[in-house]
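Please look at the sequence and structure first.

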Amino acid sequence: MMEKYTKLIEQIRIRKPLVHHITNYVTANDCANITLAIGASPIMADAQREASDIARIASAVVLNMGTLNERTIPSMIKAGKAAGEAGVPIIFDPVGVGASRLRNETANLVLEEVRIGVLCGNISEVRFLSGRQSKTKGVDASEHDIQNPENAVLIAKSLAAQLDCVVAVTGAVDVVTDGKRSICIENGHIMLSNLTGTGCMCSSLIGSFCGAVPNMLLEATVAALLSMGIAGEIAHTEAGQQGNGSFRTALHDAVSRMDSDTLMRRAKLYEA
Amino acid sequence: MMEKYTKLIEQIRIRKPLVHHITNYVTANDCANITLAIGASPIMADAQREASDIARIASAVVLNMGTLNERTIPSMIKAGKAAGEAGVPIIFDPVGVGASRLRNETANLVLEEVRIGVLCGNISEVRFLSGRQSKTKGVDASEHDIQNPENAVLIAKSLAAQLDCVVAVTGAVDVVTDGKRSICIENGHIMLSNLTGTGCMCSSLIGSFCGAVPNMLLEATVAALLSMGIAGEIAHTEAGQQGNGSFRTALHDAVSRMDSDTLMRRAKLYEA
Amino acid sequence: MMEKYTKLIEQIRIRKPLVHHITNYVTANDCANITLAIGASPIMADAQREASDIARIASAVVLNMGTLNERTIPSMIKAGKAAGEAGVPIIFDPVGVGASRLRNETANLVLEEVRIGVLCGNISEVRFLSGRQSKTKGVDASEHDIQNPENAVLIAKSLAAQLDCVVAVTGAVDVVTDGKRSICIENGHIMLSNLTGTGCMCSSLIGSFCGAVPNMLLEATVAALLSMGIAGEIAHTEAGQQGNGSFRTALHDAVSRMDSDTLMRRAKLYEA
């Protein structure tokens, strides 16, 4: 049963999907390198005049709001529409939604204009979006909600049903759901939250897996988060004591060495 | 007496200040990671439509001119004004001022429109700004000025008095002054100048400390430069022989492991 | 005979040329750090209002299309024209040309408006540009062409003659030609293609060498690609087993420790 997730990494190495990113300048380098490390091929292109050209030749498109601006928002929409028409899966990472009106409006715009395949965010972002018809709820959610995987499953399922897509919530326990089936992943390490870009890199890995097996978005997303979580555990063992810099290097090492056997042996997941 | 600086790092770990950066795309990743390594929380957001929203919820705002452009200059002014109204301390890093008319005009604009808490630059930048009423002087300053900490103190004090803020000059000996008290820091290592972004990372650390103790900008700035200088020494010992890549990794390691005891034990500073 | 290439690295360390980059936000940090590692000084500045000011004071200008956009394309032209008038050598890296109409049009614009000193790309990019009068040929070139250094020499020589500049093709075997003399470099390691930015870093190294010896563009370009290739071999020996993260760190280490003796001892090149 686990193999349907863990075997997918081999498809990336065989197919080398081209993953188009419209992303932020803070973690773009990490995203490009993690995409290469897992075996896919990244292309970052956010000009309005080429966003749809590139999206059409890509195997997956990752839209990340990290440093969104007036110039790149229309590019996201153009890339998203072109990808949608071409049947290319779209991963949306609504970084920081809830923190400014611009981010809230942009997330809503993307969700209205673009047919998302996988939405990936932390619990605050997913909670905010799941409550966008009633924004107060999102803002008022308690600390208890954040730590509780059962609650994360409920929130993620609700959003997945609303948007008719796969929703991934990253955290101490990751949750992946298509609204019907929900998988919880217990792999990972707290040091991942001490590095910038680990959330963005999850979205790049999801793009890499979805690009390889575009008809298996739920399984692809589980495999991507397993890869990141297990790489985090390995990196902690190898270099956690030394500090954040060495941990980061070891994380990229571990992703580049990841294979289906390691995933199989170390995966800790259950259906919720 | 030293403890008033070295204890401040504990306040960052307790308060986890949110540090809003409007910065360059060359070193943004380093700045985000060093902010996390010292225990604070970075947010990079430079869209004009959200700059003031984010600045208002931040504990400190860092404005860095590294790759300034027509789109981000108005964002710096908006963020700076919003932060000023909300009592959020503002750190200004006038990267490359003196190298182009655009940089000179932008630095002047920021200094006129925004109430800076800490200005941080290298000696060329600080010298240029201190002589902005008489620009020739700045340009004509000799190599001797650059190497001489006593001269750096005089230039920094003059600029601090002009701007009524804390001025930090990074170099072989760092100088921090509010125009009255001046502290010289002898920690650091020449290899720091062989990496891009060590100046920008100093500004991020200053933002992290100032965000934690906004009523102690002078002390916070000293603590930030101590942290960077001592981390540079540790990184050199651990990895300097191997080269620039390993030194960089070790620098991030050392900042993430930094604590008040290490600062206390290794600090080399004196009042000028 | 080899010394005319390998000795040039000493000129970088003596002259510390300022290398102006208008480049992409994915690999800008790598480019700045590799420029420092080889002994030159990077400046990234892409605002339209300062592009020509900075280009005029630089020793070399690197134009890289990686994440080109509506704002930076005019900056490239301005910087290129100012550099041309000032006799500053210009390195052009047409990243991704062939992948979108915007990239094709921009590459053509740069080649028409700017006097390029060195064009550096992979075989797909160089092939595309060499066939721009007859685009079909470029698109139809076979896999066999790509792997065959003799073919790469022919394509590069043709483009060098068309543009009257040095053309460098990076790949398993690198080719450098001014249309008359052609040098093939067999150094390098396949792991270099698993990291983002190794092509961009080659352009930064070419800029560093050309900035140091602007009258020897062919030799400077050979020396730059030798440095990268040999650093890749050293990095593989030191850290290749560990994975992509450690390889990257070791690559920066090796460039920062590179010297003329190492280049002399390890260079594998021949005239084609």
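Q: In which hand, left or right, does α7(A) pass α10(A)?
A: This is a predicted model, in which local features need pLDDT of at least 70, side-chain atom pairs count only at pLDDT 80 or more, and totals for chains, interfaces and linings use all residues. Residues are numbered from 1 along each chain as its sequence is written, while chains are lettered from A and ligands numbered from 1 in the order in which they are written. A crossing counts as left-handed if the near helix is turned anticlockwise from the far one by less than a right angle, and as right-handed if clockwise. For α7(A) passing α10(A), the crossing is left-handed.

Q: Why are α7(A) and α10(A) described as oblique to each other?
A: Helices (H or I, at least four residues) and strands (E, at least two) are DSSP runs numbered from the N terminus; axes are lines fitted to C-alpha atoms, for helices over the stretch in contact, with angles from 0 to 180 degrees between N-to-C directions. The axes of α7 (residues 123-130) and α10 (residues 149-163) of chain A come within 9 Å and cross at roughly 50°. Angles under 35 degrees count as roughly parallel, over 145 as roughly antiparallel, 65 to 115 as roughly perpendicular and the rest as oblique. The pair α7(A) and α10(A) is therefore oblique.

Q: How do the residues of the contact of α7(A) with α10(A) divide by class?
A: Two residues are in contact if their C-beta atoms, placed from the backbone, lie within 7 Å. On this basis α7(A) contributes A:I123, A:V126, A:R127, A:L129 and A:S130, and α10(A) contributes A:A152, A:I155, A:A156, A:S158 and A:L159. Ala, Val, Leu, Ile, Met, Phe, Trp, Tyr, Cys and Pro count as nonpolar, Asp, Glu, Lys and Arg as charged, and the others, Gly among them, as polar. The division is 7 nonpolar, 2 polar and 1 charged.

Q: Which strands of chain A does α7(A) lie across, and at what angle to β5(A)?
A: Besides its contact with α10(A), α7(A) lies across two strands, β5 (118-122) and β6 (166-170) of chain A. The helix runs relative to β5(A) at about 120°.

Q: Which are the edge strands of the sheet in chain A?
A: Two strands pair if DSSP finds at least two bridges between them. The open sheet of chain A has 9 strands with mixed pairing, in the order β2-β1-β3-β4-β5-β6-β7-β8-β9. Neighbouring strands are turned by 20° against each other on average, direction ignored. The strands that pair on one side only are β2 (41-44) and β9 (269-271) of chain A.

Q: Which residue in β2(A) stands opposite A:H20?
A: Strand β1 (residues 18-22) of chain A pairs with β2(A) in the parallel sense over 4 bridges. Opposite A:H20 stands A:I43.

Q: Which residue of β7(C) stands opposite C:A168?
A: In chain C, β6 (residues 166-170) and β7 (residues 174-177) pair in the antiparallel sense over 3 bridges. The residue opposite C:A168 is C:V176.

Q: What angle does the direction of α3 of chain C make with that of β2(C)?
A: Helix α3 (residues 28-38) of chain C packs on the sheet and touches β1 (18-22) and β2 of chain C. Its direction makes with that of β2(C) an angle of about 155°.

Q: Which element gives the most to the side of chain B that touches chain A?
A: The contact joins 26 residues of chain B to 23 residues of chain A. Elements each supplying at least two residues on the chain B side are α3 (28-38), β2 (41-44), α4 (51-57) and α13 (244-257). By class, that side has 13 nonpolar, 6 polar and 7 charged residues. With 8 residues, the element giving the most is α13(B).

Q: How do the residues of the side of chain B that touches chain C divide by class?
A: This contact takes 23 residues from chain B and 26 residues from chain C. Two or more residues each come from α3, α6 (101-113) and α13 of chain B, and α13(B) gives the most, with 4 residues. The division is 6 nonpolar, 13 polar and 4 charged.
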